[in-house]
Amino acid sequence: MGIVIGAKPDRSFADPLGLLSDCHRRIEKFLETLILIVTDARSNTTPDGCFALADDSKHPLEVALKYFREAAPRHTRDEEESLFPKLRASTNGAARAALAAVDALEADHDRADLGHVEVERIGQQWLADGRITGGDIDTMQTVLSELQSLYQAHIVIEDTKIFPMAALVLDEVTIAGVGREMAERRGINLDTAPDLKLRCPTQRRKELLNVS
């Protein structure tokens, strides 16, 4: 059940808005992975009525949990600490009109965080014990379904409205600043690491994702 990054070239920190959108694809993919693991486990019951974690699901579960524990919060900070403040500081009418939507997106982040805390708790227990109760698998499935619905609406707004609007109202220097902050958040100094070609360190082509 490995997750493989396909043929699409990596975006770069020189295109931070595109990079943010690329991160959405990873969020969607890892969420789908978690949902598939839970769905498959429904047919893998133990004699005491618990639900076993299949051997080939252990690594995908570890990787998906790690993504939402470590990489996804950086994406949230990219938006809340780098992009959204620049939109709030803009005097452009389109940016001013979008501030209510930006506030709602931040509220979505808070709701998602609560859901991921629960998924992390149950997922780590599953990895440790090799099985979880019916109540826990029900909770995990419900929370994952709620997260999927939340992200679907959230991502559409960002990919089709907020990011395109930001590309129009923010100047090149400001957008470059967003990319620089995103790189620094991942421990990359673009002035001293030009050989990285500004690649996003959480994305690798044609190999299993190892989130760092």
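Ala, Val, Leu, Ile, Met, Phe, Trp, Tyr, Cys and Pro count as nonpolar, Asp, Glu, Lys and Arg as charged, and the others, Gly among them, as polar. The model is predicted, so local features need pLDDT of at least 70 and side-chain atom pairs count only at pLDDT 80 or more, while totals for chains, interfaces and linings use all residues. Residues are numbered from 1 along each chain as its sequence is written, and side-chain values use heavy atoms, with hydrogens and water left out.

**View 1. Lining of the largest pocket.** The lining of the largest pocket divides into eleven nonpolar, six polar and four charged residues. In total 21 residues line this pocket, and Phe 68, Ala 72, Asp 113, His 116 and Tyr 151 lie nearest its centre. Helices α1, α2, α4 and α5 each supply at least two residues of the lining. The volume of the largest pocket is about 270 Å³. A pocket is found on a 1 Å grid over the protein atoms alone, as an open set of points where a 1.4 Å probe fits, with protein on both sides within 12 Å along at least five of seven lines; lining residues have an atom within 4 Å of a point. Grid points are joined across faces, edges and corners, and the volume is the space filled by probe spheres set on the points.

**View 2. Overall fold of the protein chain.** The secondary structure comes to six helices and two strands, and from the N terminus on the elements run α-β-α-α-α-β-α-α. Helices (H or I, at least four residues) and strands (E, at least two) are DSSP runs, numbered from the N terminus. Of the 212 residues, 46% count as buried; buried means under 20% relative accessible area, exposed over 50%, and partly exposed in between (1.4 Å probe, protein chains only). Among contacts (heavy atoms within 4.5 Å) between residues at least 6 apart in sequence, 78% join residues at least 24 apart.

**View 3. The largest nonpolar core.** A nonpolar core is a set of buried Ala, Val, Leu, Ile, Met, Phe, Trp, Tyr and Cys residues joined through side-chain atoms within 4.5 Å. The largest one has 31 residues, of which Phe 68, Trp 126 and Tyr 151 touch the most other members. Each of α1 (16-41), α2 (55-89), α4 (99-129) and α5 (134-169) supplies at least two residues of this core. Apart from it lies another core, of 24 residues, among them Leu 105, Phe 163, Ala 166 and Ala 193.

**View 4. Surroundings of Trp 126.** Leaving aside neighbours within four places in sequence, Trp 126 is in contact with Ile 37, Val 38, Ala 41, Phe 51, Ala 52, Leu 53, Leu 61, Arg 131, Ile 132, Ile 137 and Met 140.

View 5. Rings of Phe, Tyr and Trp (its six-membered ring) pair if their centres lie within 6.5 Å; planes under 30 degrees apart count as stacked, over 60 as edge-to-face and the rest as tilted. By this rule the count comes to two aromatic pairs. The ring centres of Phe 30 and Tyr 67 are 4.6 Å apart and the planes are at 20 degrees, so this pair is stacked. It links distant parts of the chain, with Phe 30 in helix α1 and Tyr 67 in helix α2, 37 residues apart. Both Phe 30 and Tyr 67 are buried. For Tyr 67 and Phe 68 the centres are 5.4 Å apart and the planes at 80 degrees, so this pair is edge-to-face. Phe 68 is buried, as is Tyr 67. Phe 30, Tyr 67 and Phe 68 form one aromatic cluster.

**View 6. Arg 42 in the loop between α1 and β1.** Arg 42 lies in the loop between α1 and β1 (51-52) and counts as partly exposed, at 30% relative accessibility. Leaving aside neighbours within four places in sequence, Arg 42 is in contact with Phe 51, Ile 137, Asp 138 and Gln 141. Arg 42 and Gly 134 are 92 residues apart in sequence, and 9.2 Å apart in space, C-alpha to C-alpha.

View 7. Lys 29 is found in helix α1 and is partly exposed, at 41% relative accessibility. In helix α2, Asp 55 is exposed, with a relative accessible area of 63%. Arg 77, also found in helix α2, is partly exposed, with a relative accessible area of 40%. Leaving aside neighbours within four places in sequence, Arg 77 is in contact with Ser 82 and Arg 185.
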